[in-house]
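Subject: Handover of a structure and findings

Dear colleague,

Please find below the structure that I am handing over to you. My findings follow it.

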Amino acid sequence: MNVIEATNLTRTYVTGEVSVTALKGVDILLPTGDFVAIMGPSGSGKSTTMNLLGCLDRPTAGIYKLDGLEVSNMSPDQLAEIRNQKIGFVFQGFNLLARTTALENVELPLLYREKEIPAKERKERSQQSLDAVGLGHRYDHVPTQLSGGEQQRVAIARALVTRPALVLADEPTGNLDSRTSVEVMRIFQELNEQQNITILLVTHEPDIAQFAKRIITFKDGRIKSDAPVKTRLIATNVLKTMEDEEE
Ligand SMILES: Nc1ncnc2c1ncn2[C@@H]1O[C@H](COP(=O)(O)OP(=O)(O)O)[C@@H](O)[C@H]1O
Ligand SMILES: [Mg+2]
């Protein structure tokens, strides 16, 4: 089963008289359980691709099937519905609500389905989601009481709480120091290995991309390369080495 089947994905932006084709016919196939890092220089089309795959935007041409469902021609309302059901987002800036506890932040995406999911289940699922990212002891902390790495883990828990088919992360370690970045990558690797969660993340850092199973590189709106990671980094091992070096 493919979570993503995108064929000839094309996106042209028109502003006034000027048109820019940011994406020039890209094919992406992502099987369930894959873990892909997207790389490429600024302006190469990474964000455009993430917006399309995340159902935040529609392609000018091409076909996009998400979890077996063709979404390329859906209305903005339909897209919003699909997005809420099938995709979990993680952003560079965490995007947590201030003065709101970790548990309540994680519960937010479930509030859209308030009628479907009773309060007790919403709470249990939010707790499970925080437990899964190692924050079982931080339910009642607000963002200012959490480190950057912990805040990003809350954001990952929030992305997972709807049990999405796909997790999309745009520069999730962009605001974190190198040690904390590896800790976040360890969470992604665990979720991918243990729960078979499909992950697609954009990163500028080659070291971070090495934690993925596969790297897709963009250039000028096209895919320049798409290959498995040969010597994959395992975050638990990298963290152990970092600890040993500190001693
Ligand atoms: N909303 C937009 N309107 C017009 N041009 C855009 C828009 N978004 C992106 N672009 C252009 O499309 C190209 C690809 O941008 P983007 O997908 O953001 O690249 P990346 O994320 O790899 O830096 C760039 O030339 C950019 O200027
Ligand atoms: Mg970008």
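A crossing of two helices is called left-handed if the near helix is turned anticlockwise from the far one by less than a right angle, and right-handed if clockwise. Helices (H or I, at least four residues) and strands (E, at least two) are DSSP runs, numbered from the N terminus.

This is a predicted model, in which local features need pLDDT of at least 70, side-chain atom pairs count only at pLDDT 80 or more, and totals for chains, interfaces and linings use all residues. Residues are numbered from 1 along each chain as its sequence is written, and chains are lettered from A and ligands numbered from 1 in the order in which they are written.

The crossing of α5 and α6 is right-handed. Helix α5 covers residues 148-160 and helix α6 residues 178-195; their axes lie 9 Å apart, at an angle of about 20 degrees. Axes here are lines fitted to C-alpha atoms, for helices over the stretch in contact, and angles run from 0 to 180 degrees between N-to-C directions. Gly148, Gly149, Gln152, Arg153 and Ile156 of α5 meet Thr180, Glu183, Val184 and Ile187 of α6, where contact requires C-beta atoms, placed from the backbone, to lie within 7 Å.

Helix α5 also packs against α3: the two axes come within 7 Å and cross at roughly 30 degrees. This crossing, too, is right-handed. Ala102, Asn105, Val106, Leu108 and Pro109 of α3 form the contact with Val154, Ala157 and Arg158 of α5.

Within α6, the buried residues include Val184, Ile187, Phe188 and Leu191. A residue is buried if 20 or more other C-beta atoms lie within 10 Å of its own, exposed if 12 or fewer, and partly exposed in between; C-beta atoms are placed from the backbone. Among the elements that cover the buried residues of α6 are α4 (119-132), α5 and α8 (235-246). Just after α6, Asn196 takes a positive phi of about 55 degrees.

Two loop residues also deserve mention. Phe94 is not a glycine, yet has a positive phi of about 65 degrees; its place is in the loop between β6 (87-91) and α3 (102-111). Phe94 is buried, with 21 other C-beta atoms within 10 Å. Glu171, in the loop between β7 (166-170) and α6, has a positive phi near 50 degrees. Glu171 is buried, with 20 other C-beta atoms within 10 Å.

Yours sincerely

Conventions
Two residues are in contact if their C-beta atoms, placed from the backbone, lie within 7 Å.
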